[in-house]
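Welcome, and thanks for taking a look at this one with me. Below are a few points to read alongside the structure.

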Amino acid sequence: MWKGQAMEGKFIAFEGIDGSGKSTQVRLLSDRLRKEDIPFYATMEPTDSPIGSLIHQIMTGRVKTDNKVIAALFAADRLDHLLNDVNGIVEKINNGMNVIMDRYYFSSYAYQSVDVPMDWVIHANEQSSAILRPTVNIFIDIDPDTALERIAKTRFQKELFEEKSRLALVRQSYIEAFDRLQGVEQVAVVDGNGSTQEVARDVWEIVKSYLI
Ligand code: ADP
Ligand code: TYD
């Protein structure tokens with residue numbers, strides 16, 4: 001870094017199958033960062049932009065389209081999340097803000113590659129990976145049965161991706177994607193099967209090593 005250059009913020013992306021506890025951990029990490037007086041911006045994908053809401057309508061079955069179109073929409077929503085003028089992530093990071101994200105491009109690699117070749121999905125997201133790679137991807141790894149039990153307790157509406165065999169496939173493709181991008185991406189795996197507080201403690205150990 002040359003003299004006078006502003007310090008960039010860190011970018012932490014949470015990954016995991018549905019019900020792995022990502023949203024819970026993003027909330028607990030946010031509480032912790034507030035306590036530590038570390039500035040951050042927490043956000044998620046799919047977003048609540050017009051592209052994101054179209055994705056939500058597809059996920060809940062209100063709008064139907066081909067899986068290849070869904071993969072392209074996720075990539076488009078992601079680029080908009082990075083680059084839009086209102087709350088684009090890239091500008092925040094460049095201004096020194098730390099960003100915590102619930103899902104980023106590894107979600108596309110893992111979920112969309114169940115239906116579309118993984119190479120295609122990785123390629124479709126190359127703009128995003130070239131613009132902004134996470135400082136670290138935190139993968140909350142959990143047994144799909146446990147994830148499903150958690151989801152069943154709280155959710156009435158069964159979403160597209162929430163069947164058990166599908167979750168097991170998605171977990172496998174996460175592992176395949178991490179394998180493929182070994183040496184390119186920073187990935188930290190956290191055991192998500194423990195209590196909320198146990199997982200939060202492991203997450204904090206990782207985040208601390210990058211933020212403090
Ligand atoms: P995700 O965002 O990955 O889908 P959530 O954080 O929404 O997962 O968690 C799914 C459900 O499981 C929620 O009801 C949440 O309260 C519960 N939960 C999250 N983490 C744990 C945990 N470690 N142990 C038990 N239940 C959990
Ligand atoms: P949502 O209910 O918002 O999140 P979560 O289950 O993590 O609490 O649903 C997001 C769904 O979208 C989830 O099933 C994963 C899926 N998804 C993809 O298939 N590809 C992607 O690129 C992203 C970001 C999400």
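1. A quick definition to begin: the expected span of a helix is 1.5 Å times one less than its number of residues. Helices here are DSSP runs of H or I with at least four residues, and strands are runs of E with at least two, numbered from the N terminus. This is a predicted model, where local features need pLDDT of at least 70, side-chain atom pairs count only at pLDDT 80 or more, and totals for chains, interfaces and linings use all residues. Residues are numbered from 1 along each chain as written, chains are lettered from A and ligands numbered from 1 in written order, and side-chain values use heavy atoms, without hydrogens and water.

2. Helix H9 runs over residues 164-180, and its 17 residues reach 24 Å from first C-alpha to last, close to the expected 24 Å. Its buried residues (under 20% relative accessible area, 1.4 Å probe, protein chains only) are Arg 166, Leu 167, Val 170, Ser 173, Tyr 174, Ala 177 and Phe 178. Seen down the axis of H9, they fall within an arc of 140° (taken from the directions from the axis to the C-beta atoms), so they line one face of the helix. The face turned away from that buried side carries Ser 165 and Asp 179, both exposed (over 50%).

3. Now to ligand 2: 16 residues surround it, each with a heavy atom within 4 Å.

4. Which atom of ligand 2 does Ser 108 approach with its polar side-chain atom? An oxygen, at 2.6 Å.

Definitions and conventions
A polar contact is a pair of N or O atoms within 3.5 Å; within protein, one must be able to donate a hydrogen and the other to accept it, and residues adjacent in sequence count only if both atoms are side-chain atoms.
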